[in-house]
Amino acid sequence: MSPARRAPVRPPRTAARVRRRVAPIAAAVVSALLVTACGAGGISGGGGETNFVAGPDGIATVARAERDEAPELSGETVDGGRLDIADYRGEVVVLNVWASWCGPCRAEAKNFEAVHQDTKDQGVRFVGINTRDTSVAAALRFEEEQGVTYPSLNDPSGRLMLRFPKGTLNPQAIPSTLVIDRDGKIAARALQGLSEERLRSMLDPVLAEK
């Protein structure tokens, strides 16, 4: 009888090996969450354990006293600069998640630029988050073609999206738009492309707060 075969000895898992395995899983989750939403318009939910209300127009809002802090959002912009949302505390921020290949993003871009130009002297900052794009060149070409002049954080892997806690007004689609109030808290969210009128309907109530 031949001797029993010994089971191969597996080397112990190192922290680096675990990170290598976890990172692709996290990226896949973000990709599934964001990429499949483009073109479908997204769904804005409320109720349950959340503290926000979804209106019939698909825009979800939160009462001022119940808003959650926006997470730390900073990094390199698509044009090579640096940006930190925290620097805009005391101003209203319109945060738009977009990608160059996304049809609804292309349709809404000029609406965002128009409102940006109209409100930039009223204490409103527009910031984009460019995500899931294959290259910075594609994002820069999109901005040039659509005439977008406000900055966008470069987030190709979607890591910035993972910073938003579950159950809050977190961006769940491409495109998504958030309005952050002067205290750095998330006041409103839309999970679809926006007309100029609907964008203003999100922004104006927050802008009017004192």
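In the predicted model, helix α3 spans residues 136-146. Its buried residues are A138, A139, F142, E143 and Q146. These residues cover an arc of only 135° around the axis, which puts them on the same side of α3. The spacing follows a general rule. An α-helix has 3.6 residues a turn, so residues three or four places apart point the same way. Helix α3 lies across β5, β6 and β7. Its direction makes an angle of about 120° with β5. Just after α3 comes G147, with a positive phi of about 70°.

The strands β5, β6 and β7 belong to an open sheet of 7 strands. The order is β1-β2-β9-β8-β5-β6-β7, and the pairing is mixed. From one strand to the next, the twist averages 20°. Strands of a sheet pair through backbone hydrogen bonds, either parallel or antiparallel. Strands β2 (residues 59-62) and β9 (residues 186-190) pair in the antiparallel sense, over 3 bridges. T61 has A188 of β9 as its bridge partner.

K210 sits in the segment after α4 (196-207). Its relative accessibility is 84%, so K210 counts as exposed, the cut-off being over 50%. In sequence, K210 and R182 are 28 residues apart. In space, their C-alpha atoms are 9.0 Å apart.

Note on methods: Residues numbered from 1 in each chain as written. Predicted model: local features only at pLDDT ≥ 70, side-chain atom pairs only at ≥ 80, totals over all residues. Heavy atoms only, no water. Buried < 20%, exposed > 50% of the residue type's maximum accessible area, 1.4 Å probe, protein only. Helix = DSSP H or I, 4+ residues; strand = E, 2+ residues; numbered from the N terminus. Arc of directions from axis to C-beta. Pairing = 2+ DSSP bridges. Axes fitted to C-alpha atoms, helices over the stretch in contact; angles between N-to-C directions. Contact = heavy atoms within 4.5 Å.
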